[in-house]
Structures are given as C-alpha cells and as structure tokens.
Amino acid sequence: MLLFYLLTFAATIQAQNQLLPGSCNFESNTCGYTSDADFTSWELHKDGRFVAVDAAIPEDQDDEKSADTGPQKETIGILLSPALEQGEWSCLRLVYQISGSGSLTVLQRTEGKSFDKPLWSSQEPSDSWVISSMDLQNNTEPYRVVVEGKPGGSPGSSVAVFEIHISPGYCLDCDFEESHLCGYSNQWNANVNWFVGGGGGQLLHNDMPNDHTYNNKTGHFMYVDSIYAKTFKEVAKLMSPMTMVPMYGCLSFQYQRSEERGNLFSVFTRDRLGQYQEMWRAGPENQSEWSRTLGEWIPVQVDLKAPYSVQVVFEVAFNSPRGGRVAVDDISFSPEFCSTDSEPTFDPSIANCDFESGFCHYSQDQGMGSWRRVSVKPNIFRNGDHTTGAGSFLLVHSQLNPNSGYVTRLVGPTLPGNMKFCLRFFFSLRGFNQTDRALGVYLQPQQKSSSQEKIWTQGEKSRGIWIGADVTFQTLQPSKVVFVSTCRSFWDCGSVALDDISVSLGDCELTAGMLSSPLPGHCDFEKGLCGYTQDKKNDDADWELRRGPTPTSYTGPRGDHTTGLGYYLHMEASPLLHGQRVQLLSSILRGSRGPQCLRFFYQMYGSGTGQLNILLSKDGEVALLWQRTGEQSMAWLRATVEYQSDSQHQIVFEAIRGSSVRSDIAIDDIVLESGPCTGEQSPPDVSSAE
C-alpha cells in the first residue's frame, strides 16, 4: 500500500520537470539561502540533506541547575532566499518537520517594504516529513522567501526544512508524476483509500489504464478500487493542498470510471471549518460515455469560486466489492472561468457602507419613523460614530413620534441566491426596555410570495457603546438584507444607532482572515500584544490589557473599539504620579524607500487627561510624529500618521499621566503598513443631521 506519509524516504524526492530559482534540496549546499545574522543560524546537515534550527541548550549546566534558571530566551532562525524575480504565478512547496514543539512560518519579503507578507504557518509537530503548498501570486517587484523557524523550549525540539520547490503554475495543478504528489494526500481510513497507479509496476492489476499525461504504463495517476474495501461505511478522499489565497476560475481534471452502478464519484470543496460543498458529480451521461469509451480518459471542467481557504476533495464511495474503480489524473487550474456563460464573481462590497457620504445603496421603506444620518463633533457627553469617532452614522429614535410607536426598515441592495454571506455591522442602543425588538436583521426574498426570514436579533445590551455583530446567512434566492427597529410605545423605546455595515462572501469565521495570526504591524489586542512589547527601560509602568470599563469613573473607555466587547490597551492613571509615562514599542522595522502609514484608535476621556505621543525611535534618537494633549472625547477617535524612514526603526506609543486620576488613555486597532495613507479625510468639525 503506497500511502502519502512515505515522504519520509528522502531519496525518493526528485526535482520537478521545471523548477524555478529559489528551489533547493539542501543535498550539498543551501542554494543561495542564508541565515539572518541577527538570529540563530540554520545548520546544514549534509548526511540528512536538510537544514534545521534547534532549541538552545544551556552550556555547563546540569539538569538540576537548568530547572532553576526559569524560562529561556526564545530561539528564532531566519532563512532568506536569494533575490527572486518571478512575475508569473508560481507554487512554493515546502517539505519540513517540526519535532517536539515549535513553529514554522513562510513569508514573502518585497524589497523596499518594512513588512513581510505571511504566506503560511504551522505549529503542528510531526514524526515524519510533511509537505505544505502555498501560491505565490504575480509579483512585479523582486522578493525573497523568508523561512522563520522557532523551536520550542522542550528538550530535543527542532524545526527542519528538507526541500523547497518553486514551480510555475498553481498549487492545485498536479500530474502525479513526482513522488511528493504536489501536496495531494489520501485521507486514510481502514476501509478504502486512494493509491498511486502506473509507473510500470502493476502487481495486482494487469488491466490498469495508461496514465493521461504520457498515455503509457510508466506515467502515474491516482486511483481507488473497490477490491480493497473491507466495509462500505467509509468513502475514499483525495485532498488537495489548502489554498492560501482567494481562487476564482476553472478547475480541470481527467477521470476514468468503471462499474458505474457500484460507485459514486463527486468533487467537493472543504473549508477550514470542515464544511463541504459539492462542485460536481459524475452523472448518468458520464456513465454511458464510459461504457462506450472504455479505457479512455474523460475530461471535466468545473468552476471554482473560493474567496477563502479551501481544499478540493475527490471523493469515491462504493456499495459492494464489485463497485469498480475510479482514476484521476492531470488536475489543473485556470484563472478564467470554464465558460463565457459562467456568472461573474459577485462583488459583495456593493452592500458596504460607513455612511460618511450618504446612504450608499441602502434605502428606507416608508413607515412611521425613519433613519437619519447624523454626525457628532468629538465631545465628553455623547459618543461619535464608529468609523472615525467624528464621522456620520444612522440614528433612529422614538422622540420623533411621541404619540405612538414606530417601525423603521433600512433595506440593502439585492444579493444573489444560493450563496453564503457574512454580514458585519456595528450598533449602539440607548434606553430600550425590550431589546429584542430594538434591532433585528431580516432576509427579504425578491419574490413577494416568499416570507422574510429573521437572521439576527439583538441579545446584548450595548450600554451606549458600539458593539460589533457578525451574521452568517445563506440565500436560497435573490434577497435583500433589512435592518428593522420596532417601538411599540414611546415609553418603552430609546434610540438605535447603526454604522460600518460590510458584507463578504463565505462564513464569518472564515472571512475574518486567510491566516490565523494577525498581519505584521496589525493589532486589535484580542490575543495579546501581537509582537508589540512594553518598554522596560525608559518608562515608569506598563500598558495594561483591559476588557470593559476602566476602574476609575469618568475616565477611560467603556469598551474596546474592535467589537465593543473585546480587549484594548490602556494606561491606568490611578497608581501613577503626575508626569509618569508608559511606552509600547513596535517590533524593529526595516527602512523603506517610500512612506509608511500608521493608523490607530485612541480614547482620551477624563478631566485630568495628560498626553499621548507617537514617537519614531532610530539610531538612539527619538523624534515626535504625532501628539494629543488633554481631554479629547468620550469616543474612540481615529488617528492617521504618515512618516518615512530609510533605516531600521521602531514606533513608540507613549502615554503620560495628567494632573489627576481621571487621566486614563487607551489605544486599539493598530494598523502599521507600507505605503502612503490613502483616502484619509479630516473628521467633520460640525454637528449635523440629515
């Protein structure tokens, strides 16, 4: 039985027919890959034909002494490829092993940019070599592949790289001629599995077909046969590598199938949540074609629309030992859809709106109340919008109709049917006694004969702060999203505010990001400091992670900016003296030829508020980039700072305690990235209502 974990046999790994620069098998040298001198070196093991970085072992210490030294410094090894210039789409395949504990991350470093683009990451240890695939999208600028290994602190931990293959085309492409099988894998079970066919050695079958690639007995393909099945409760699954970027286009493959009444052959996509969606199934027309063209390969083309990471799954089920055989070969992907008749990919951003310039594509049904677009100047009595703290949002409240209740309906644009969407929005409630009627979201089908479906209801009292909501829903037919606020009587109602509506394709858990870890320079503090560090040398205390209101009344936020219910970072003023400070440091950033953009949200509310500074630290000197002094607003305000530094530097967030304990300062949702700050506008300085 030839199963896929046989990658352990290193000698079977051979170069693909066409490998691009940046590929390396580490047999005798590192092919131009070098270790970053500022980190632990990767060591070339010539006997084992791999490079590795091992956990640090304390010298001249026995086990008893080592146990008393406390936690050891983290070991990090950075392996850099030579400069690569590959404008066309290519696939990087990595053969690696994490022993004990640790992590391995692959990034793409473009010259002249401070941040590396994450491509893939894993923390899963294994007992043998593992293969991972990642697509390298079209790139017009030179770049380097960055391999970051972090062995864990446990004894014997190491991170090793056996091969790096970079080949033209997509990671979904495979002709199964290489022993690594392009990262495709059999989901093993005790009953039925996929095997490698061809190669000239047909021990059990003399009737095996020629492969499709070369049309001979020496070429390879994948097949599954019912004669191996022990029971018929399981299905055989051939899994593609997980895509790492959105994929829209045409998936093609060749297949053969015998004994059509005894098997079921289907192709699915499988997302990171384990949810399957059928793309294609062999039907009666394919079966009759098989019977007429026995031994010939049948081509299939099917549209693939994957806005988030998925695997393509080739699945076969049998109903008896005479269920026959299914073979697959020459899988390929094209960025063009299979037919000109294919529906173009729907752009869900048509339903996005921050209400800064109007109602976008939203409209109101005529009713007893209406949504108004309102903007609030930063102040210490009333919250501003969610987008910037000083922009516009929608508001509806019962004071406009003191003699009766009301029902208001805000109707979004039409969304196509038979698709899954993620709706995100922010709301704020004041004064409602019956919060379940304060705000609800419905799906209104285009057909008037169909009834609307409630997809979300308010269950969290917002305490007057902005709270984020995520709603995953499926449209069975073209439909519109409708926001409904209901007030039965004036005395039961208050006000409802709505802002920052966005719609994306797929499940909300999947569209939160293609990678599990935040992008470099980004931090919402939901899972810690994201690589930012506390300054232990030049300040008097630390920034504190907090959820909910700060301990001192009349100062600090009541919730974070990200969701209203999450974490933010703040300076707690009560234990500090006037003039004492806290500092948060970014990671060390590379210089850039062009501008850099820093965006973040800050909250400075309290009669004794001190100062918030953004500093640029480099070459032992500190320069002031941005500053706010004194009480600003009870709202979270957005700050935008554009700067330029052509040498290594750090960004410093510095908060200074003011004259009283009502001097808390908070920050949240930091975004630090290369390039100018585009599309930024000064917040409005007047209060208005439309």
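Which residues does Ser158 touch, not counting residues up to four places away in sequence? The first close-up takes up that question, and the other views follow.

**View 1. Ser158 and the residues around it.** Ser158 touches Val53, Asp54, Gln97, Ile98, Ser99 and Pro151, leaving out residues up to four places away in sequence; contact here means heavy atoms within 4.5 Å. This is a predicted model, in which local features need pLDDT of at least 70, side-chain atom pairs count only at pLDDT 80 or more, and totals for chains, interfaces and linings use all residues. Residues are numbered from 1 along each chain as its sequence is written, and side-chain values use heavy atoms, with hydrogens and water left out. Ser158 belongs to strand S10 (residues 158–168); helices (H or I, at least four residues) and strands (E, at least two) are DSSP runs, numbered from the N terminus. Ile98 is 60 residues from Ser158 along the chain, yet the C-alpha atoms of the two are separated by 6.1 Å. With 13% relative accessibility, Ser158 counts as buried (buried is under 20% relative accessible area, exposed over 50%, partly exposed in between, with a 1.4 Å probe and protein chains only).

**View 2. The whole chain, for orientation.** The protein chain has four helices and 41 strands. Of its 690 residues, 52% are buried. Among contacts between residues at least 6 apart in sequence, 80% join residues at least 24 apart.

**View 3. The largest nonpolar core.** A nonpolar core is a set of buried Ala, Val, Leu, Ile, Met, Phe, Trp, Tyr and Cys residues joined through side-chain atoms within 4.5 Å. The largest one here has 42 residues, and those with the most contacts inside it are Trp194, Phe265 and Phe314. Eight strands are listed as giving two or more residues to this core: S13 (220–225), S14 (236–239), S15 (247–257), S16 (263–271), S17 (276–281), S18 (298–306), S19 (310–318) and S20 (325–334). A second, separate core has 36 residues, including Leu410, Leu429, Val471 and Val503. In soluble globular proteins, nonpolar side chains tend to be buried together.

**View 4. Phe265 and its contacts.** Beyond its neighbours within four places in sequence, Phe265 is in contact with several aromatic residues, among them Phe253, Tyr255, Trp280 and Phe314. Its contacts also include Arg257, Arg281 and Glu315, as well as Ala282, Val316, Val326 and Val328.

**View 5. The second largest pocket.** This pocket has a volume of about 910 Å³. Of its 29 lining residues, Gln277, Lys305, Asn418, Met419 and Lys420 are the closest to its centre. S16, S17, S18 and strand S25 (419–430) each give two or more residues to the lining, and S18 gives the most, with five. The lining divides into 14 nonpolar, eight polar and seven charged residues. In this count Ala, Val, Leu, Ile, Met, Phe, Trp, Tyr, Cys and Pro are nonpolar, Asp, Glu, Lys and Arg are charged, and the others, Gly among them, are polar. On a 1 Å grid over the protein atoms alone, a pocket is an open set of points with protein on both sides within 12 Å along at least five of seven lines, while a cavity is a set where a 1.4 Å probe fits but cannot get out; lining residues have an atom within 4 Å of a point. Grid points are joined across faces, edges and corners, and a volume is the space filled by probe spheres set on the points.

**View 6. An open sheet of five strands.** The strand order is S31-S34-S39-S36-S37, with antiparallel pairing; two strands pair if DSSP finds at least two bridges between them. Strand S31 (533–534) and strand S37 (621–629) stand at the edges with a single partner strand each, so one side of each has no neighbour in the sheet. Strand S36 (residues 611–618) pairs with strand S39 (residues 650–656) over seven bridges, and eight bridges join S36 to S37. Gln611 stands opposite Ile656 in S39 and opposite Thr629 in S37.

**View 7. Phe355, a residue with positive phi.** Phe355 has a phi near 60°, although it is not a glycine. Phe355 sits in the loop between S20 and strand S21 (363–364), and is buried, with a relative accessible area of 0%.
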